[in-house]
Amino acid sequence: MLRLLATVAIAILLCGCSRQKIVSPDDLRSDLTAAISLASETETFINYVGQQRATSNFTEGHLAYLAQTARQSAKELHSSTPVGSIAQQFSATQKAIDALAYQLATMRYQLARSPSAADSTRNLGGIRQTLQQIKASL
Amino acid sequence: MKKLLGITLGIMTALGGFVDLGQIVFTTQAGALFAYGLLWTIVLGSVAIIVYMEMCGRVAVVAKEPVFAVVRSRLGFRLGLVTLIASNLLNLITCAAELGGIAIILHLLTGWPEKALLAGGAFALAALLLLLQFEWIERTFGLSGLLMIVFAVSAVALHPDWRGFAQGLLPKASSAGRPALYWYFAVGIFSAMLMEYEVHFYSSGAIEEDWTPRDLGENFMVASLGSILGSLLTAGLLVLGAIIFLPRHIFPDLLSTAIFAGAFPFAQKALLLSLLGTLACIAGAAVETALSGAYNLCQFFNFEWGKSRRAREVPIYTLSWLVMLALALLIAFTGLRPLQLVNVSIIFGMVIMPLTYYPILRVAADRNVMGKHVNSRFDTVIGTVFLVLITLAAAAAIPLMVVTHFGKP
């Protein structure tokens, strides 16, 4: 009996792990809200760093956490499939979040050593606007 | 001077309870979503915790019964045991989350690897607990936690809308468009302010410090001042969320984001104060949860306990908090995000809360036990009102968590 229960539990677990998450319009809206928040927070933080108000350890550490969050979002999105009606917006969101994750990964080390590099916000602003447009189109 | 230092028990209890990892991020998120709209929950939570902290202190002093002895005598062995297991599981999860938070802050301060800092932080806490007597533990964490005042100063420096602030103090039934999310955060803030380990730690502390009925006036002062300070800092976090994050459409989901908000209007020194204050409060919460776990166990099974006694005189107590810290460290090492852990503990903490507060109210209102220090009619009425609110919030906590996907906007 125990063996049967264990087998069923493992089977359920494996099914749960292997199945792709289906993204509904509400899910995508929530993902977009989180990504817009992340881009906006990074812009705000870079401005703060640009005014020499953060320590280098804090800058590098906080950007690493932001980059990790973006990487995680991108990964989750790549392992999901959208419902048919939002395929186009889903694909655009994937691209924008990939760009955000890449931007965060590259600026992390650069900014900790050269806090005046506030130019990076320009790219982030573009990504944020793209994300906002996709959200508005949902 | 001794009386002044005695207040540190209330300050440490309240800061470790109110301004721990979960509350810091949770309240900042509430401000970022609903501006000042949830300030009333902080007021409600503060009054509730003052009422119950005072009752716990009074029961501990007069009946010489700390919370878990009361729980066992009033709920019976079986239900008491369930409460003990649930409370200590929550203490463990919360302690693991706080250890994770300590590692994050140390990493932000030093840039050293987080895993090494996690282990180092836990060992440093264990060493401090072994070396320090109870009163020095409360002084160390209570007074260093005062650095968190930088959050309140930052909030005021950013010129809050005082009219909106005053309006936020009045309860509102809902917020336009997102009622479930609004109530999820309302229940979460209320719950985080009433976390069980606060009253476990406070009542045990009163006995550790040999309070007598003559100290009952001080008991009310200690409970009130500590809680008022904690609630002002919590309100400061909410204001920072409303001013910094709401207009920029930011939903703060990281501890480092909340810390950065605490220094937003100022320069590097304020950021350091913000980091150190948060570190002190989170470390205080880790100590409170680890010690509470040991207090609960020993009080329930009637083992010898006390941080003011030598470790070898109270071996089970000492081993219990060491095991709590070790298990929490293991959980933190699994890589679970501290904020995920603490979100779980806040909501599940609410579910078992009535089982902690109901026995306290019963004993405090029992003239046979309390004699002339029994609850006044006012105390019992207000305690009952809060118990009803706690029970309603407990019933709503899990459904709200499911509906909002852990408060996802």
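How many salt bridges are there over all chains? The count comes to eight, where a salt bridge is a side-chain nitrogen of Lys or Arg within 4 Å of a carboxyl oxygen of Asp or Glu.

1. Ground rules. This is a predicted model, where local features need pLDDT of at least 70 and side-chain atom pairs count only at pLDDT 80 or more, while totals for chains, interfaces and linings use all residues. Residues are numbered from 1 along each chain as its sequence is written, chains are lettered from A and ligands numbered from 1 in the order in which they are written, and side-chain values use heavy atoms, with hydrogens and water left out.

2. The A/B contact. Chain A brings 19 residues to it and chain B brings 26 residues, with contact meaning heavy atoms within 4.5 Å. About 2100 Å² is buried between the two chains, 58% of it on carbon and sulfur atoms; buried area here is the accessible area (1.4 Å probe) that two parts lose on being put together, summed over both. A:Arg53, A:Phe58 and A:Tyr65 account for 31% of the area that chain A buries against chain B, more than any other three residues.

3. None of the salt bridges to look for here: the count between chain A and chain B is zero.

4. Who does the touching on chain A. On the side of chain A that touches chain B, α2 (25–50) and α3 (56–78) of chain A each supply at least two residues. α2(A) gives the most, with eight residues. Helices (H or I, at least four residues) and strands (E, at least two) are DSSP runs, numbered from the N terminus. By type, that side of chain A divides into six nonpolar, 10 polar and three charged residues. For the bookkeeping, Ala, Val, Leu, Ile, Met, Phe, Trp, Tyr, Cys and Pro count as nonpolar, Asp, Glu, Lys and Arg as charged, and the others, Gly among them, as polar.

5. Cavity. There is one cavity of 30 Å³ or more, and the largest cavity has a volume of about 50 Å³. On a 1 Å grid over the protein atoms alone, a cavity is a set of points where a 1.4 Å probe fits but cannot get out, and lining residues have an atom within 4 Å of a point. Grid points are joined across faces, edges and corners, and a volume is the space filled by probe spheres set on the points. The lining is B:Ser87, B:Leu90, B:Asn91, B:Thr94, B:Met195, B:Glu196, B:Tyr197 and B:His200. α5 (77–110) and α11 (196–208) of chain B are the elements that give two or more residues to this lining, and α5(B) has the largest share with four residues. The lining divides into three nonpolar, four polar and one charged.

6. A salt bridge within chain B. The side chains of B:Glu54 and B:Arg58 meet at 3.0 Å, N to O. B:Glu54 and B:Arg58 are separated by about one helical turn because they sit four residues apart in helix α3 (residues 39–62) of chain B.

7. Backbone check. B:Ala35, in the loop between α2 (21–34) and α3 of chain B, has a positive phi, near 50°.

Note on methods. On a 1 Å grid over the protein atoms alone, a cavity is a set of points where a 1.4 Å probe fits but cannot get out, and a pocket is an open set with protein on both sides within 12 Å along at least five of seven lines; lining residues have an atom within 4 Å of a point.
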